[in-house]
Amino acid sequence: MTSPTSPTTPRRSHTKSRTGCAMCKRRHIRCDETLPQCKNCTKYSCRCPYQDLPENDHRELIATKANLMWTSEIKAEIRSWQQIGRSSFPSLCVFPAIPFEKISFEDLRLIHHVASISSELSASNSSNFTIWVRQVPLFLEIGATYNFVMHSLLALSASHLAWLTGCSLTANIAFEHRGVALKGLHEAIGSFLRENSDAVLAASLLLSWQATEWRDWTRLMHGTSSIIDAMQPWKNESRLEDFIAEKSTFPTAPPSPDTPFNYPKHTDLDALQLASLQLRKLEAYLKDDIEGTEAVAQLINFVEGLRRLSPSHTTTQRFDMLDPLRTWLLWLPVRYVQQAQMPLSAFVVLAYYYTIALIVEPLFPEIGAAYFGSLSLNPIEEIARRLVSLNACETSQEDFQTALNFMAYPMDMAYKFRIRMGLVLPERVALLRQVIFAHHARAMARSMS
């Protein structure tokens, strides 16, 4: 018999899996909680009980396990929203008010994510350097009334979090919100009226930005084009008037996903070669900037890959070739702009990413400039404007002169895109071009002297 004072072997501690599947609990083994089929059930070739959970339970379990980048501060802030019914974020001060008390804690986290980004970038006057952040307040305002628009925005938020964390469960949350949004969008199109037209267009745009398959994207694009046609009588009253004005950038005829295409024109391939040359010059300039060099290197690889386009590539394959660029254009600018002190090189790198979107458009006529081509114009010109403004305020101008010199190429491509698409060149942009090219001419003169 062991005495009370004799040493005993301590019991080995272990972490309990409180949300493990029922099969693992019956076997008294630790569940890795992988959804929808845990690894133990896969190992023993049995159906995982996770697959038989009711839809609401399944959704709740995914939300609990997904990486939504929670912090104690964010949780406290969201609890405050639920208690007092309002938020400190300007983008959430909309009418009618967003019913925080009726929205799940996890969905409020998704709202918090996009609202905090919008607030942060608005405070630094940087939201125009991105494709989607500047539209967040409007999407939230429309989403407060139309649930399918809110679900479209929540899907975008979850997609961004999934990109940041690499979490497949977070991507699953985005997928579910897109499904709900699509169902609501189809119902709204069935009862399309002047009153809900902005909501239908907003959801169509948000969902088209997130579509990862050709068939889904082309349906949304041609649906969006039809919606814009229907909105022409009241287009000047729409809160999305800027998108309506870009009707010419949308594809006009839906090709078959397997339709072959002609070999790229020599002029378009020459434009790719010039882009590659300009990118390599930028890469050399950034040799001491590791992050900038890596960003430019992946863009060079992307451009070089497009040079392998051939008539054997189907529309679906060509759409898939563009997917990396779309992902970068959606998420990279936000990461760059959120830096505490954004270096000059980051402005230039972002401008070149947007420029490549303009250059590849002629190579994919069946996809059209709506695949972020037209949306890239404003960020390029806003970046140029910021650099010109900063240059005017600085006494040590060598770095600014170099940055402005590199901006001549993006501004030239933006101008040519406007001409090709029949878009008006605003006077302020024309003046900005003059300033940029004056800097470029002086830089060329100095290099030749």
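Reader: Is R219 buried or exposed?
Author: This is a predicted model, and the value comes from its atoms. R219 has a relative accessible area of 54%. Exposed means over 50%. R219 is therefore exposed.

Reader: Which residue does R219 meet in a salt bridge?
Author: Side chains of opposite charge can pair when their charged atoms come close. Here the N to O distance is 3.4 Å, and the cut-off is 4 Å. Both partners lie in helix α10, 3 residues apart, about one turn of the helix. The partner of R219 is D216.

Reader: Where does D216 stand, buried or partly exposed?
Author: Its relative accessibility is 35%. Buried needs under 20%, and exposed needs over 50%. D216 therefore counts as partly exposed.

Reader: Which element gives the largest share of the lining of the second largest pocket?
Author: This pocket holds about 420 Å³ of space. Of its 23 lining residues, the closest to the centre are R178, L182, L207, D216 and L220. Elements that give two or more residues are α3, α8, α9 and α10. The largest share, 9 residues, comes from α8.

Reader: How many charged residues are in that lining?
Author: Sort the lining of the second largest pocket by class. There are 9 nonpolar and 7 polar residues. The number of charged residues is 7.

Reader: R239 and D198 meet in a salt bridge, so how many residues apart in sequence are the parts they tie together?
Author: The N to O distance of this pair is 3.4 Å. R239 lies in the loop between α10 and α11, and D198 lies in helix α9. R239 is partly exposed at 42%, whereas D198 is buried at 9%. The pair ties together parts that are apart in sequence by 41 residues.

Reader: What is the N to O distance between R385 and E382?
Author: Both residues lie in helix α16, 3 residues apart. Residues three or four places apart point the same way, because an α-helix has 3.6 residues a turn. R385 is partly exposed at 22%, and E382 is buried at 16%. Their closest N and O atoms are apart by 2.8 Å.

Terms used. Residues numbered from 1 in each chain as written. Predicted model: local features only at pLDDT ≥ 70, side-chain atom pairs only at ≥ 80, totals over all residues. Heavy atoms only, no water. 1 Å grid on protein atoms, 1.4 Å probe; cavity = no way out; pocket = protein on both sides within 12 Å on 5 of 7 lines; lining within 4 Å. Points joined across faces, edges and corners; volume = space filled by probe spheres on them. Helix = DSSP H or I, 4+ residues; strand = E, 2+ residues; numbered from the N terminus. Nonpolar A, V, L, I, M, F, W, Y, C, P; charged D, E, K, R; others polar. Salt bridge = Lys/Arg side-chain N within 4 Å of Asp/Glu carboxyl O. Buried < 20%, exposed > 50% of the residue type's maximum accessible area, 1.4 Å probe, protein only.
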